[in-house]
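Here are a few notes on the aromatic contacts, cores and sheet, as promised. Have the model open next to you while you read.

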Amino acid sequence: MKQRISLIAVAMTVSVIAANACAQSSQFNIRIEKKAGYDQMLAYNNGVIPQTVRVWLNSSTNTASGFPMPVERQVFPRSTVVLNEFRPANPKQAFYYHYQYSLTHGDPSAVHDQNAKYLPPFFWPDARLINQAEDRVNNSHNSSENHFALDIDLPMGTPVMAAREGVVVANVKHFPDTGRLDRALNDQANYVMILHGDGSFASYIHLKQNSSALVAGQRIATGDLIGLSGNSGYSSGPHLHFDVQVNQRGKITSVPFRFWDPASGYYRPKTGTRVQAVKIIRGETGQHKTLKECKKPGNLIDQDVLNCMRRNPQ
């Protein structure tokens, strides 16, 4: 997802005018530092995923820039980049400029590993219906950004597990579970985003409000708890929207992925089929316990429950 932020700078002041922010943008910011006779524009990426930032001037008066505008730079995780410098074209007069910037997350050179093993993102012994895959007629996933996403039928409060190991990029969890088919709710879904080792990232969307305790930068294993299924955002009912994407030369693009079954190997589910969860092994003896066996009273799922379950698939 892209964010667009608009700011204005006059002499010694910088003020935010508008922001369409996703969780990643809260870990990214642009600052103007005053130097002797000029302003220096710096990009700070405090997150765990690369960000490509594009900055342009909407308007300016008596402003000269060190680099031609617009400028576009890739800012790696935990790093700072000088984007540009601004100074008065006429040093005897004040200068003014208004700028905006957009962000695209992910490494634009990343290539998705077609042999990556994704497990169905729910726990044994569940078998869940695929409500929507790319083969569905009148598919609502009709853009390059979500074309290969799956909608999986998960009742409210069903535990959602990590389909592949990685690092938590974002956890948005404050939206209520009042989903409906209203485009005004497009940006009001709770989700967790996980960055994979090949630079791709998976999104687990429509999660239940406040059901995930993950934090950005946390490393998780395949089979770890993501959160609980919910009905937040643009949604016809409780389900999980699961998608794998890459930054393809500056455009967030959905990529095909395959689930892995230890008995039958790789497969790509189709609309209307049921997907069986993969059994989890527990302990060194090869014995296993299911989520049902490990759950606490009240269906509480915490670290003790996860420790009860071995995360390696058979």
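1. Phe 95 and Tyr 97 are both buried (under 20% relative accessible area with a 1.4 Å probe and protein chains only; exposed is over 50%, partly exposed in between). Their rings form a stacked aromatic pair, 5.9 Å centre to centre with 25 degrees between the planes. Pairs here are rings of Phe, Tyr and Trp (its six-membered ring) with centres within 6.5 Å; planes under 30 degrees apart are stacked, over 60 edge-to-face, and the rest tilted.

2. A word on the source: this is a predicted model, where local features need pLDDT of at least 70 and side-chain atom pairs pLDDT 80 or more, while totals for chains, interfaces and linings use all residues. Residues are numbered from 1 along each chain as its sequence is written, and side-chain values use heavy atoms, leaving out hydrogens and water.

3. Tyr 118 and Phe 257 make a tilted pair, at 5.4 Å between centres and 55 degrees between planes. Tyr 118 lies in the loop between strands S9 (96-105) and S10 (127-132), and Phe 257 in the loop between S19 (251-254) and S20 (259-261), so the pair ties together parts 139 residues apart in sequence. Strands are DSSP runs (E, at least two residues), numbered from the N terminus. Tyr 118 is buried at 1% relative accessibility, and Phe 257 at 2%.

4. Arg 268 lies over the face of Phe 257, 4.6 Å from the ring centre. A charge sits over a ring if NZ of Lys or CZ of Arg is within 6 Å of the centre and within 35 degrees of the ring normal.

5. Which residues have the most contacts inside the largest nonpolar core? They are Tyr 118, Tyr 204, Ile 226 and Phe 242, in a core of 29 residues. A core is a set of buried Ala, Val, Leu, Ile, Met, Phe, Trp, Tyr and Cys residues joined through side-chain atoms within 4.5 Å. Strand S18 (240-248) is one of the elements giving two or more residues; its four are the largest share. A second, separate core of 17 residues includes Ala 43, Val 53, Leu 83 and Phe 86.

6. Finally, the sheet: four strands form an open, antiparallel arrangement in the order S3-S4-S8-S6 (strands pair if DSSP finds at least two bridges between them). S3 (28-34) and S6 (63-65) stand at the edges, each with a single partner strand, so one side of each is left without a neighbour in the sheet. In S8, Phe 86 is the bridge partner of Ser 65.
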